[in-house]
Amino acid sequence: MPVSLTFYDGTGCIGGNKILLEDEGIGLFLDFGTNFGAEGLFFDEFLRPRATFGLADLLVLNILPPLKGLYRSDLEYPGLWEKYSAHPWFREVEIRGILLSHAHFDHCGYLTYLRPDVPVLTSLTTALATKALQDTSSSQVELCYITPRELKDGLLRATDYRSVPHQQRPFWVPGESIPEEAHGFWEKAVTSRRLCSQPLKACSSEAELGPFRVRLFPVDHSIPGAGAFAVKTSAGWVVYTGDLRLHGKQAHLTRQFMQEAARLKPKVLICEGTHPEVERPVHEQEVAANCFEVVKKAEGLVIADFGPRNVERLLSFLEIAGETERLLTLTPKDIYLLEALRAAGEPGIPDPMTDQRVALYVRPKALRKPWEEELIARFGERAPERLIDAARVKFAPQDFILCFSYYDFHALLDIEPEGGTYIYSSSEAYDEEMLMDHERVRNWINFFGFRLYGTLGRDRERSGFHASGHIHGPGIEELVETVKPEVLIPVHTENREFFRRFEGICRVVWPERGRALAVE
Ligand SMILES: [Zn+2]
């Protein structure tokens, strides 16, 4: 089997894509994401996999595949692999690269565990967005740089921060050159541990990784920088959609990708199928129009609750803020992400320091991380009048749109709003745990007397206050009929029935988790 695909995750479930493509024994991974569903079967926010046990907890639970040669050696217990030598998936692999489609955790989250010398090929925007995620994260994610561990008293502990630097992963980005600001952002250390930086490498638009040629196509998704990949193997082109859609403001990118992928006459199309049941998706422009109508009529405070890193939605609210003469008030994490996107040269991203519509909300905190401290100080120097605290909001609530979600609700205890408008502009609850979270959000909304727009609970996209990041049924049909692969492999989906319709056009294959499929 010279060329093969092995799906370690992302089959028959949404998210957690980890797809191994091999040619003559040399491999590439297409994404290496967190499978929240599988993790959630065993863990929650209070019970986490133990960092001091490295890979062990996730290997025991079969959440990470037992592949020798793939992971960080500092996370491997001595003798770890002997334990797995009889596992049906166990083998040694030689990985030349990770193709990262976008900066959502269900695609990038488990990069944390991978060898730090394997290049990650992605867009410049995704590279800097993942750096921003890690810089501002409070949990242990090591997407772009790792904190080396050492075995001490039987536990894998972080090395001394004074003597051992963070080690940065090599990221490759297709393009002729990389702007100075992007290098600056990428190589900036944000903790007291030094960063042993690894400059971003500009690579050719058809990058060479081992025996493979890799092309990256920008596509439309709910986070900027998302891409699809085409990989040339000795058996032909393998195309991978990542996550994409045809109803955002960048839909033309997805269509362009479809045309270019068709020209490659691909052997295989690995296609996402999160929402094939949706016939007519709500467009981002409709969401913006609906939100504008609500804010225009609102009298007191407005809270806009949209998913973290949904930058397109943030930009929609920025325009609304301008037109309704309110200040779009963001958290330090949001501002930091905007700065990352600007450094990547992402078009249309405002400069939070100079854009008169943007404010920064500062919460009282006993201790701040250095990145946050530095950001607030810099903002306070450049735009002191737009550095906002609870007292300012309480005094003139009608001047603000607060971009808050559940984890920012401590601020409501300081502001003590008396009514207002709450726009829930994020995804529906898709499991029991989320339903409970939504109940809690509803309790806060009711307690402070907000009027709610958008739907909490289960009601996919009917509210008109949220547009999904994923392609709808007719969009998938357009994609498959345009690209015309020989073999179609649906991933990131729970809907088998839908994909049956393509059986006349191509061979539809449902991969079995962990079993290699020959590409021939
Ligand atoms: Zn995504």
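Colleague: In what order do the strands of the open sheet with parallel pairing lie?

Modeller: In this model, which is predicted, the seven strands of that sheet follow one another as β23-β22-β21-β24-β20-β25-β26. The two ends of the order are β23, residues 387–388, and β26, residues 450–453, and each of these edge strands pairs on one side only.

Colleague: How do you know that strand β21 and strand β22 are paired?

Modeller: Pairing requires at least two bridges between the strands, and strand β21 (residues 327–330) and strand β22 (residues 358–361) have three bridges, in the parallel sense; therefore the two count as a pair. One of the positions involved is leucine 330, whose bridge partner in β22 is leucine 360.

Colleague: Which strands make up the open sheet with mixed pairing, and which of them are at its edges?

Modeller: That sheet also has seven strands, and its order is β15-β16-β17-β18-β19-β27-β28. Its edge strands are β15 and β28 (507–508), each of which pairs on one side only.

Colleague: In which sense does β16 pair with β15 and with β17?

Modeller: Both pairings are antiparallel, with three bridges between strand β15 (residues 207–209) and strand β16 (residues 212–218) and six bridges between β16 and strand β17 (residues 227–233). Leucine 209 stands opposite phenylalanine 212 in β16, and proline 218 stands opposite glycine 227 in β17. The hairpin of β15 and β16 has two residues between the strands, and there glycine 210 takes a positive phi near 55 degrees.

Colleague: Turning to the domains, where do their bounds fall, and how far apart are their centres?

Modeller: The domain assignment of the protein chain gives domain 1 as 3–277 + 469–518 and domain 2 as 284–453, and the centres of the two, taken over C-alpha atoms, are separated by 30 Å. In the contact between them, 29 residues of domain 1 meet 19 residues of domain 2.

Colleague: What area is buried between domain 1 and domain 2?

Modeller: About 2100 Å² is buried between domain 1 and domain 2, with carbon and sulfur atoms giving 55% of that area. Of the area that domain 1 buries against domain 2, Thr136, Pro224 and Lys249 supply 27%, more than any other three residues.

Colleague: Why is the contact of arginine 245 with glutamate 284 called a salt bridge?

Modeller: The closest N and O atoms of arginine 245 and glutamate 284 are 3.8 Å apart, and the cut-off for a side-chain nitrogen of Lys or Arg and a carboxyl oxygen of Asp or Glu is 4 Å, so this pair meets the rule. Across the interface of domain 1 and domain 2 the rule finds two salt bridges, and eight residue pairs are in polar contact between these domains.

Colleague: Which helices supply at least two residues each to the side of domain 1 that touches domain 2?

Modeller: They are α5 (124–136) and α6 (180–187), and α5 gives the largest share of that side, eight residues. Sorted by class, the side of domain 1 that touches domain 2 has 13 nonpolar, nine polar and seven charged residues.

Key
Residues numbered from 1 in each chain as written. Predicted model: local features only at pLDDT ≥ 70, side-chain atom pairs only at ≥ 80, totals over all residues. Heavy atoms only, no water. Domains from an automatic or database assignment. Contact = heavy atoms within 4.5 Å. Buried area = accessible area lost by both parts, 1.4 Å probe. Polar contact = N/O pair within 3.5 Å; in protein donor to acceptor, adjacent residues only side chain to side chain. Helix = DSSP H or I, 4+ residues; strand = E, 2+ residues; numbered from the N terminus. Nonpolar A, V, L, I, M, F, W, Y, C, P; charged D, E, K, R; others polar.
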